[in-house]
Amino acid sequence: MNKYVNKVQAILNLVGGDISAVNEDVTYLSGQTPPTEEAIQAEIIRLQAEYDALQYQRDRQPEYPSIEDQLDQIFWQGLDEWKKTVQAVKDAHPKPK
């Protein structure tokens with residue numbers, strides 16, 4: 001698991017409302033019915049799959065030039081050169097089909 005996919009996030013997605021959590025000890029503050037462990041585990045699996053499916057975005061992000069550099073490139077070299085720069089990053093980390 002990563003810091004974005006965890007038991008507390010899964011519970012929050014399942015029950016909504018206000019909860020309080022210390023580590024994985026959850027207190028339900030809005031009268032929610034606690035989800036079953038099976039429902040929590042299924043939600044963790046779903047969240048992890050969703051997170052994994054976006055890995056290409058996280059891989060691309062550090063390779064893109066800063067917005068300032070991109071705007072400068074557009075100004076001085078034009079849109080076609082800028083598109084080549086961006087496309088190279090997209091080609092290096094393609095979006096899964």
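Which residue forms a salt bridge with Lys 84? In this predicted model, the partner is Glu 81, and the closest N and O atoms of the two are 3.0 Å apart. Let's start from that pair and then walk through the helices around it.

## The Lys 84 and Glu 81 pair

Lys 84 and Glu 81 both belong to helix α5, where they sit 3 residues apart and so are separated by about one helical turn.

Glu 81, at 32%, counts as partly exposed.

## Where α4 meets α5

Helix α5 covers residues 79-92, and its partner here is helix α4, residues 67-77. The axes of α4 and α5 come within 7 Å and cross at roughly 140 degrees, which makes α4 oblique to α5. From α4, the contact draws on Gln 70, Gln 73, Ile 74 and Gln 77. From α5, it draws on Leu 79, Glu 81, Trp 82, Thr 85 and Val 86. Sorted by class, the residues of this contact are 4 nonpolar, 4 polar and 1 charged.

Trp 82 is partly exposed, with a relative accessible area of 22%; the buried class would require a value under 20%.

## Where α1 meets α2

Now move to helix α1 (residues 7-15) and helix α2 (residues 37-53), whose axes are 9 Å apart and pack at an angle of about 105 degrees. The two helices are therefore roughly perpendicular to each other. On the α1 side, the contact is made by Lys 7, Gln 9, Ala 10, Ile 11, Asn 13 and Leu 14. On the α2 side, Glu 37, Ala 39, Ile 40, Glu 43, Ile 44, Arg 46 and Leu 47 take part. By class, that gives 7 nonpolar, 2 polar and 4 charged residues.

Which residues of α1 are buried? They are Lys 7, Ala 10, Ile 11 and Val 15. These residues cover an arc of only 110 degrees around the axis, which puts them on the same side of α1. The buried residues of α1 pack against β1 (19-22), β2 (25-28) and α2.

The model has 4 salt bridges in total. One of them joins the side chains of Lys 7 and Glu 37, at 3.2 Å from N to O. This pair links distant parts of the chain, with Lys 7 in helix α1 and Glu 37 in helix α2, 30 residues apart. Lys 7 is buried, with a relative accessible area of 18%, whereas Glu 37 counts as partly exposed at 38%.

Arg 46 pairs with Glu 50, and their closest N and O atoms are 3.1 Å apart. The two residues lie 4 residues apart, about one turn of the helix. Arg 46 counts as partly exposed at 39% relative accessibility, and Glu 50 also counts as partly exposed, at 44%. Glu 43 joins Arg 46 and Glu 50 in a network of salt bridges.

How far apart in space are Glu 37 and Trp 82? Their C-alpha atoms are 49 Å apart, while the sequence separation is 45 residues.

## A positive phi at Asn 23

Most residues other than glycine have a negative phi. Asn 23, although it is not a glycine, has a positive phi of about 55 degrees. Asn 23 counts as exposed, with a relative accessibility of 72%.

Definitions and conventions:
Residues numbered from 1 in each chain as written. Predicted model: local features only at pLDDT ≥ 70, side-chain atom pairs only at ≥ 80, totals over all residues. Heavy atoms only, no water. Axes fitted to C-alpha atoms, helices over the stretch in contact; angles between N-to-C directions. Parallel < 35°, antiparallel > 145°, perpendicular 65-115°, else oblique. Contact = heavy atoms within 4.5 Å. Nonpolar A, V, L, I, M, F, W, Y, C, P; charged D, E, K, R; others polar. Buried < 20%, exposed > 50% of the residue type's maximum accessible area, 1.4 Å probe, protein only. Arc of directions from axis to C-beta.
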